[in-house]
Protein chains: 2
Amino acid sequence: MRSRRQRYSDSTKRALVDVAEQLFTTHGYSATSLDAIVAGADVTKGALYHHFSGKQAVFEAAFERVESRASSGIARATEGHDDPWEKAQAGLRAFLEAVQEPAYRQVVISDGPSVLGHERFREQEERSTYAIVDEIVRSALGTDAYDLDDAMLDTFTRIFFGAMSAAGGAVAVSQDPGAAAARVELAIGTIMAGLRQLLDSSATSRR
Amino acid sequence: MRSRRQRYSDSTKRALVDVAEQLFTTHGYSATSLDAIVAGADVTKGALYHHFSGKQAVFEAAFERVESRASSGIARATEGHDDPWEKAQAGLRAFLEAVQEPAYRQVVISDGPSVLGHERFREQEERSTYAIVDEIVRSALGTDAYDLDDAMLDTFTRIFFGAMSAAGGAVAVSQDPGAAAARVELAIGTIMAGLRQLLDSSATSRR
DNA sequence: CAGGTGACATACCAGCGGTACGTACTCTCA
DNA sequence: TGAGAGTACGTACCGCTGGTATGTCACCTG
């Protein structure tokens, strides 16, 4: 059992991240002031600077939470699929769902890259959603029969991840997200089917 | 001939955008102060606020310039190709070149979305680089034989544009950009070939 | 129970974007 | 041609923001 002091500390920290996530989501990073955050959490700046090194660190905490929520949702959707191509479809569907959440759109997609810097942003992503995509791509394309080396598999992951992110953004701003998501699934499904067919045929001819 | 006053006015405005583009490129949007911009252009804030409504408007002017440079480079590369699939390859290559320019990476890719907002950012893009990709996609997939409606063509454009952007980012940060670009060309080329083959076969079977 | 330390609160600062206002130059037209 | 209007700035200032320095008090430990 943590000490009483520790429990108080944890709760204020959590309150700060709670409020920060909400304000960052609704107003964006630069339009959210530290004063607003500490006022919402009912503490003062002293408390905030005791727990975090600055505004960016608060953002980072909120960012991690939003992203881990999204990635765990996707991971759950991809479980229990044996066929990698089916798994890819399920993952894509879950990804398109996750990207609709306002917090994800604002905090991760919109503010994430510029606030954390592309470097750190990529590090974060590679440990969550990107990792899932990478795993799917490798299970689908990484067989010896296709003869793709590591760098090429990486390239394919990057491409698919970029395609999904862009498509997700389009779905999110669409008037009819359901129809848009269906189109995206169809389009990417077609691309995957074509890729699969091509790789299969070249694999047999090489044999 | 414009009046003497007009010429003076134009030159200071251009000087402001020149300096702003450079500072935004090297330090990013938020780390660039208006004081630094006006000092670099050797004027005062009064001049800046006479020509622009604020910091964001200055950024927008720099943004448009950087992007039009990039898109005109891509447009030039795609000229004179009859076969749409060849045109696509040439466009992709030029895109991967353009994305390496520091100004494009920082101003357009990194700061663009969050500073302008995704809404305005997309409007800008749809009038330049995105429009080129859209045109290529439509010339390649928009034939009656493939039976894709307008919304599906839009979806494919979004997907390819996202894939190219992500791939371009990866190329830009790579230690060996040349090799990375070659891998991207190969990967996207494979995807396009597979898509083409699949669409061709389903088009003939439908006939 | 005395000293140390963790968990904040308070007061303050420099720098930032933005504004109000002043001024000099130039173009227009009676 | 010269007086008024408008353009193209310069100067001075303001409120707010992120960040810091320092104080205070509850709690834990020996």
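**View 1. Contacts within chain A of the predicted model.** Of the contacts in chain A between residues at least 6 apart in sequence, 64% join residues at least 24 apart. Two residues are in contact if their C-beta atoms, placed from the backbone, lie within 7 Å. This is a predicted model, in which local features need pLDDT of at least 70 and side-chain atom pairs count only at pLDDT 80 or more, while totals for chains, interfaces and linings use all residues. Residues are numbered from 1 along each chain as its sequence is written, and chains are lettered from A and ligands numbered from 1 in the order in which they are written.

**View 2. Helices of chain A.** Chain A holds nine helices and zero strands; helices (H or I, at least four residues) and strands (E, at least two) are DSSP runs, numbered from the N terminus. The C-alpha trace of chain A spans about 70 × 40 × 30 Å along its principal axes.

**View 3. The surface near DNA strand D.** DNA strand D is surrounded by 22 residues, and the closest include A:Ser33 and B:Thr44. A residue is near a strand if its C-beta atom, placed from the backbone, lies within 6 Å of it. H1(B) gives the largest share of this surface, five residues.

**View 4. The side of chain A that touches chain B.** Chain A and chain B each give 30 residues to the contact. On the side of chain A, the largest share, 13 residues, comes from H8(A).
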